[in-house]
Amino acid sequence: MLGRILSLGMDLDLRDRAYLVTGGSRGLGFAAAEALVAEGARVLLSGPHEATAAAAARRLAQGHATDDRVAWVLADNADPDAPDRLVAEAETRFKRLDGALISVGGTPAGTVTTTDDDAWRRAFETIFLGAVRLGRVLGNYLGSDGGTTGAAEAPRGTGGSLAFVLASSVRAPLPRLAVSNGLFPGLAGVVKMLAEELGPSGTRVNGIMPVRIATDRVREFDALSGDPDEVRARKSEDIPLRRYGDPEEFGRVAAFVLSPAASYVTGAMIPVDGGSIRSI
């Protein structure tokens with residue numbers, strides 16, 4: 001439905017706005033960045049690996065008359081200094097920041113009884129604490145004197161939009177993904193609290209729950225259970241739409257949620273799942 005709305009010319013009002021996309025070098029983060037750039041936004045990608053981040057930025061910049069719409073910065077969500085560095089880089093590059101997609105990456109496979117303390121600590125630092133820290137710093141920035149600073153057409157302190165890439169474990173535990181089951185429901189609670197805390201400033205905060213989107217990581221995960229093509233065909237039978245989603249389908253939803261077109265949507269947990277999540 002969203003794709004049809006966009007194809008009919010719905011204006012997301014993203015032109016010349018600036019967004020941060022963490023984990024934007026590949027997968028869902030890259031798909032969201034691609035959709036934002038296609039709608040005229042400027043995007044700052046962040047990622048922990050220089051080569052992949054630089055290559056992703058070059059891909060996004062292709063076809064544009066200038067290369068000033070896309071930038072990248074080396075940053076790890078687990079680094080306590082990362083949020084302030086990312087805000088500073090966006091200010092330097094774009095003179096404004098209107099929001100962010102906070103993509104925290106996937107969790108390791110394993111059960112509660114087989115996942116050791118070190119795996120839990122690493123995931124907590126990157127997926128949970130890293131995302132909370134980004135939400136806190138970016139939320140304070142967007143809701144106070146930051147955000148649209150420096151842009152004559154947009155007054156200071158008018159808020160912005162944050163979207164967290166979560167998982168369907170927010171709604172129901174997933175087999176063999178103990179870390180996801182432990183961390184993402186708590187992160188969803190943080191998203192709801194941030195939406196309430198930042199709402200008075202005009203800043204919106206939402207969670208997006210992708211399920212079976214055909215990224216490289218999902219294919220790698222399917223390969224753990226056998227031939228990835230056979231696994232995909234079998235698991236597609238349990239999805240009401242009978243197929244995996246394309247990354248572009250996730251990207252369009254993310255761009256809409258971040259955009260002013262979704263100006264009355266906050267505190268929501270939005271599935272992009274082909275109907276996979278059965279809970280109400």
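1. Strand S4 (residues 99–103) is largely enclosed by the rest of the structure, because five of its five residues are buried. The model is a predicted one. In a regular strand the side chains alternate between the two faces of the sheet. In S4 both faces are covered: Gly 99, Leu 101 and Ser 103 are buried on one side, and Ala 100 and Ile 102 on the other.

2. S4 has strand partners. Strand S1 (residues 18–22) pairs with S4 in the parallel sense over three bridges, with Leu 20 bridged to Ala 100. Strand S5 (residues 161–165) also pairs with S4 in the parallel sense, over five bridges, and here Ile 102 has Phe 164 as its bridge partner.

3. Ser 103 lies in S4 and counts as buried because its relative accessibility is 12%, the cut-off being under 20%. Apart from neighbours within four places in sequence, Ser 103 is in contact with Thr 22, Gly 23, Asn 77 and Val 165.

4. The salt bridges number 13. One of them joins Glu 89 to Arg 93, with the closest N and O atoms 3.0 Å apart. Both residues lie in helix H4 (residues 82–94), four residues apart, about one turn of the helix. Arg 93 is partly exposed, at 47% relative accessible area.

5. Arg 219 and Asp 229 form a salt bridge, their closest N and O atoms being 3.0 Å apart. This pair links helix H7 (residues 216–223), which holds Arg 219, to helix H8 (residues 228–236), which holds Asp 229. Arg 219 is partly exposed at 43%, as is Asp 229 at 47%.

Conventions:
Residues numbered from 1 in each chain as written. Predicted model: local features only at pLDDT ≥ 70, side-chain atom pairs only at ≥ 80, totals over all residues. Heavy atoms only, no water. Buried < 20%, exposed > 50% of the residue type's maximum accessible area, 1.4 Å probe, protein only. Helix = DSSP H or I, 4+ residues; strand = E, 2+ residues; numbered from the N terminus. Pairing = 2+ DSSP bridges. Contact = heavy atoms within 4.5 Å. Salt bridge = Lys/Arg side-chain N within 4 Å of Asp/Glu carboxyl O.
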